[in-house]
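Dear colleague,

Please find below the structure that I promised to pass on to you, with its sequence. Would you look through it first, and then read my notes beside it?

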Amino acid sequence: MSNNVRVDLTGNNEKLNHTLKDSEGLFTKFGKGITTVFAGIAAVAATVFVGKQIFDWGSYFVDAAAKSQEAEATLGAVLKATGNAAGYTTEQLVAMSEQLQDVTKFEAETTQGAMGILASFRNVRGDVFLDATKAAQDMATVLKTDLSGASMQLGKALNDPVAGLTALKKSGVTFTDSQEKMIATLVESGDVMGAQRVILEELAHEFGGAAEEVGRSFSGRMEQMKNRFGDITESLG
């Protein structure tokens with residue numbers, strides 16, 4: 001005897017469809033709610049990110065402007081302290097540093113720092129001061145040293161030409177016996193500027209034009225573009 005049980009399940013199709021529609025609506029609302037929540041989170045995150053970027057850029061601009069003003073202020077302070085022995089105003093030297101920035105790889109603020117060092121030596125003045133600024137750039141370029149160090153070394157040599165020769169010779173600058181005697185004679189006669197000219201002429205023979213030559217190279221042009229962009233950031237700051 002077989003025991004077969006048959007169960008018929010019948011229901012109201014209309015009611016079932018209505019239930020499914022309600023469920024579908026619920027899930028749709030839930031999905032929209034989740035989407036709205038994540039969209040809000042994304043918007044907040046984007047706002048924070050953009051705000052941080054704006055703050056970072058703003059700080060960069062302000063720092064650049066502060067650096068520029070600090071370099072100019074330091075140069076002005078040295079000129080004032082030395083009674084403007086160099087013979088130039090801050091504005092004139094800043095303008096010169098900007099001109100040199102256009103033809104060398106040295107940023108104007110870096111050159112202004114070098115000028116401040118040279119200006120601290122009271123015997124370095126007039127045309128000698130201008131030529132010394134360029135000579136320091138040439139020395140730094142060839143000897144692969146920083147501009148501040150080259151300016152300090154050159155400033156000492158020009159301020160006291162006789163004693164200063166020793167430091168320059170240690171850096172590889174060579175002077176003949178006749179040049180050394182000439183420098184000593186000129187200093188003894190009170191013609192310090194004449195002795196300085198002898199030193200600068202020798203530096204020109206060994207390093208002259210190196211800074212501007214590098215400025216005309218590809219890497220030099222790239223540095224000049226970078227420096228010009230720096231000027232823009234300073235203005236924005």
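**What was found**

V192 is partly exposed, with a relative accessible area of 25%, a class that lies between buried (under 20%) and exposed (over 50%), as judged with a 1.4 Å probe and protein chains only. Before going on, please keep in mind that this is a predicted model, in which local features need pLDDT of at least 70 and side-chain atom pairs count only at pLDDT 80 or more, while totals for chains, interfaces and linings use all residues. Residues are numbered from 1 along each chain as its sequence is written, and side-chain values use heavy atoms, with hydrogens and water left out.

V192 belongs to helix α8, where helices are DSSP runs (H or I, at least four residues) and strands likewise (E, at least two), numbered from the N terminus. If residues up to four places away in sequence are not counted, V192 touches L158, P161 and L186, contact being heavy atoms within 4.5 Å. The C-alpha atoms of V192 and D160 are separated by 8.2 Å, although these residues are 32 apart along the chain.

Looking at the whole protein chain, you will find 10 helices and zero strands, so please read the cartoon with the DSSP rule in mind. Of the 237 residues in the chain, 34% are buried. Among contacts between residues at least 6 apart in sequence, 68% join residues that are at least 24 apart.

Next comes the nonpolar core, by which I mean a set of buried Ala, Val, Leu, Ile, Met, Phe, Trp, Tyr and Cys residues joined through side-chain atoms within 4.5 Å. The largest such core has 41 residues, of which F129, L158, I199 and L203 touch the most other members. Several helices give two or more residues to this core, including α1 (13-81), α4 (126-143) and α8 (192-207), and the largest share, seven residues, comes from α4.

Y88 is buried at a relative accessible area of 16%, and F129 is buried at 0%.

N84, in the loop between α1 and α2, has a positive phi near 55 degrees and is partly exposed, with a relative accessible area of 33%. K144, in the loop between α4 and α5, has a positive phi near 60 degrees and counts as exposed at 71% relative accessibility.

With best wishes
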